[in-house]
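Subject: Structure handover

Hi,

Here is the structure for you to pick up. Please open it first, then read the notes below.

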Amino acid sequence: MQDEVLVLGGGVAGCAAAIALARKGRSVTLIEREPTPRHKVCGEFLSGEALEDLHALGIDVASLGAVPIDYVRLAAARRAAEAPLPFRAASLTRKALDTALIAEAVTAGVRVERGRSVQSLSRATANLWQATLDDGATYEAPSVFLATGKHDLRGHGRPKDPHQWVAFKMYYRLSAAQTADLGDASELMLYSGGYGGIQPVEDGIANFCLVVKRWYFARAGLSWEGLLAKMQQDCPHLAMRLDGAEPLLDKPIVVTHIPYGFIRRTTEDGLYCIGDQAAVIPSFTGDGISIALHTGRRAAAAYLAAEPAQVFQPKLRSAMLLQMRLAKAADHGLNNTLARAVLPFCLRVWPGAMRVTAMLTRVSQPVAVAPQAFAN
Ligand SMILES: Cc1cc2nc3c(=O)[nH]c(=O)nc-3n(C[C@H](O)[C@H](O)[C@H](O)COP(=O)(O)OP(=O)(O)OC[C@H]3O[C@@H](n4cnc5c(N)ncnc54)[C@H](O)[C@@H]3O)c2cc1C
């Protein structure tokens with residue numbers, strides 16, 4: 001089957017690109033391996049930039065039940081401090097967000113193939129890409145948007161993750177007292193081997209998402225129960241927050257080997273790499289969804305303006321380089337014992353520190369669209 005554009009992966013970036021292209025009359029096929037949206041390892045924090053992009057795509061997060069997030073609270077060892085967020089933010093489960101994005105893609109006219117996994121992507125001819133699916137079917141197109149997120153297709157991989165990060169997500173129903181205490185805050189808890197975040201999402205539940213280096217997980221006995229116990233011991237704030245909490249999944253969702261700091265330098269003719277396939281920002285910034293939406297829409301705009309992929313990809317890299325470097329530097333800081341100890345104290349005496357950090361680690365948007373949802 002031949003199309004104008006093939007989009008591989010129907011997450012945030014793939015849907016953003018597919019919607020933008022289909023709305024301009026392009027024939028687009030999107031291939032997504034999951035038959036229905038499922039839970040993904042993600043803190044589910046939507047930054048102001050993400051809200052703007054979602055609004056531009058026609059997604060009304062408030063109507064999906066998204067919860068406004070107005071504060072950030074930092075906890076390390078026995079200290080905790082909070083500051084107002086310098087922008088409007090929200091949280092929404094990925095299941096709800098991905099469902100809405102796929103529905104919007106269908107409405108825009110994208111042919112969505114669900115429950116079908118791409119096995120390989122290679123050149124059929126000099127001007128034609130060929131994606132081969134798990135059932136042996138092939139799809140061909142002159143242009144491909146690679147949006148498979150954390151999953152690398154053979155021959156299009158990203159560098160290895162030297163720290164062997166392991167990330168988990170679990171939903172909890174917190175006790176009434178803890179729900180009230182958490183309020184409309186996103187809490188970031190800092191550890192020697194990583195960090196974790198807890199925040200409310202829709203339907204009165206809380207998302208607990210964390211990422212730790214493998215050595216920390218090994219010290220916790222390589223089990224979820226051991227890890228939870230160690231994290232609560234190392235950060236009493238977490239123990240307090242989870243006191244009386246009811247886990248809502250049988251077991252946590254896990255992903256490993258996250259190449260934080262990766263930015264794709266180059267690409268091949270007709271291959272636009274977007275979302276986590278373009279860049280992977282440290283998770284504490286809460287900016288991965290925004291980058292995925294932004295790179296998806298920006299790649300679609302480049303394609304529509306006949307900008308070749310080999311020109312688009314390095315330009316995208318240059319635009320993101322500064323923020324990525326700052327986010328990586330901040331990430332190193334979080335892993336520094338002294339910095340971790342003084343951070344909550346700094347936040348208490350100078351809440352502006354949060355504003356500066358948040359601004360510096362965000363990827364700037366070329367076009368600002370005022371979000372209706374959660375607008376002041
Ligand atoms: C621990 C952690 C916490 C995070 N917290 C946040 C946060 O709070 N806020 C934030 O903004 N970002 C956060 N992120 C980052 C964010 O989740 C990602 O950056 C974002 O989801 C990337 O979007 P994407 O479209 O590239 O990938 P995804 O949204 O993962 O979509 C990729 C899609 O491709 C599909 N796919 C994969 N392989 C194939 C295949 N072979 N064939 C067909 N389909 C395929 C998958 O099923 C998936 O639906 C976090 C990341 C981690 C690891």
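Start at Arg33. Setting aside neighbours within four places in sequence, Arg33 contacts Arg38, Gly115, Arg116, Ser117 and His151. Bear in mind that this is a predicted model. Arg33 lies in the loop between strand 2 and strand 3 (45-46). Is Arg33 buried, partly exposed or exposed? Its relative accessibility is 40%, so Arg33 counts as partly exposed. Arg33 and Thr148 are separated by 115 residues in sequence, yet their C-alpha atoms are 9.3 Å apart in space.

Helix 1 (residues 12-23) and helix 8 (residues 288-304) meet at an angle of about 30 degrees, and their axes are 7 Å apart. The crossing is right-handed. On the helix 1 side, the contact is made by Val12, Ala13, Ala16, Ala17, Ala20 and Leu21. Helix 8 contributes Ile289, Ala292, Leu293, Gly296, Arg297, Ala300, Tyr303 and Leu304. By type, the contact residues are 12 nonpolar, 1 polar and 1 charged.

Now the cores.

The largest nonpolar core holds 55 residues. Which of them touch the most other members? Leu46, Leu101 and Phe145 do. The elements giving two or more residues to this core are strand 1 (5-8), helix 1, strand 2 (28-32), helix 2 (48-56), helix 3 (94-108), helix 8 and helix 9 (309-334). Helix 1 supplies the largest share, 9 residues. Not counting residues up to four places away in sequence, Leu101 touches Val12, Cys15, Ile19, Leu54, Leu57 and Ile59. A second, separate core has 45 residues, including Ile198, Val211, Val212 and Leu238.

Last, two backbone angles to check.

Most residues other than glycine have a negative phi. Leu222 has a positive phi of about 55 degrees, although it is not a glycine. Leu222 is in the loop between helix 5 (214-219) and helix 6 (224-234). With a relative accessible area of 44%, Leu222 is partly exposed.

Ala306 also has a positive phi, near 60 degrees, and is a residue other than glycine. Where is Ala306 found? Ala306 is in the loop between helix 8 and helix 9. Its relative accessibility is 64%; exposed means over 50%, so Ala306 counts as exposed.

Best wishes

How values were computed. Residues numbered from 1 in each chain as written. Predicted model: local features only at pLDDT ≥ 70, side-chain atom pairs only at ≥ 80, totals over all residues. Heavy atoms only, no water. Axes fitted to C-alpha atoms, helices over the stretch in contact; angles between N-to-C directions. Helix = DSSP H or I, 4+ residues; strand = E, 2+ residues; numbered from the N terminus. Left-handed = near helix turned anticlockwise from the far one by under 90°. Contact = heavy atoms within 4.5 Å. Nonpolar A, V, L, I, M, F, W, Y, C, P; charged D, E, K, R; others polar. Core = buried A, V, L, I, M, F, W, Y, C linked by side-chain atoms within 4.5 Å. Buried < 20%, exposed > 50% of the residue type's maximum accessible area, 1.4 Å probe, protein only.
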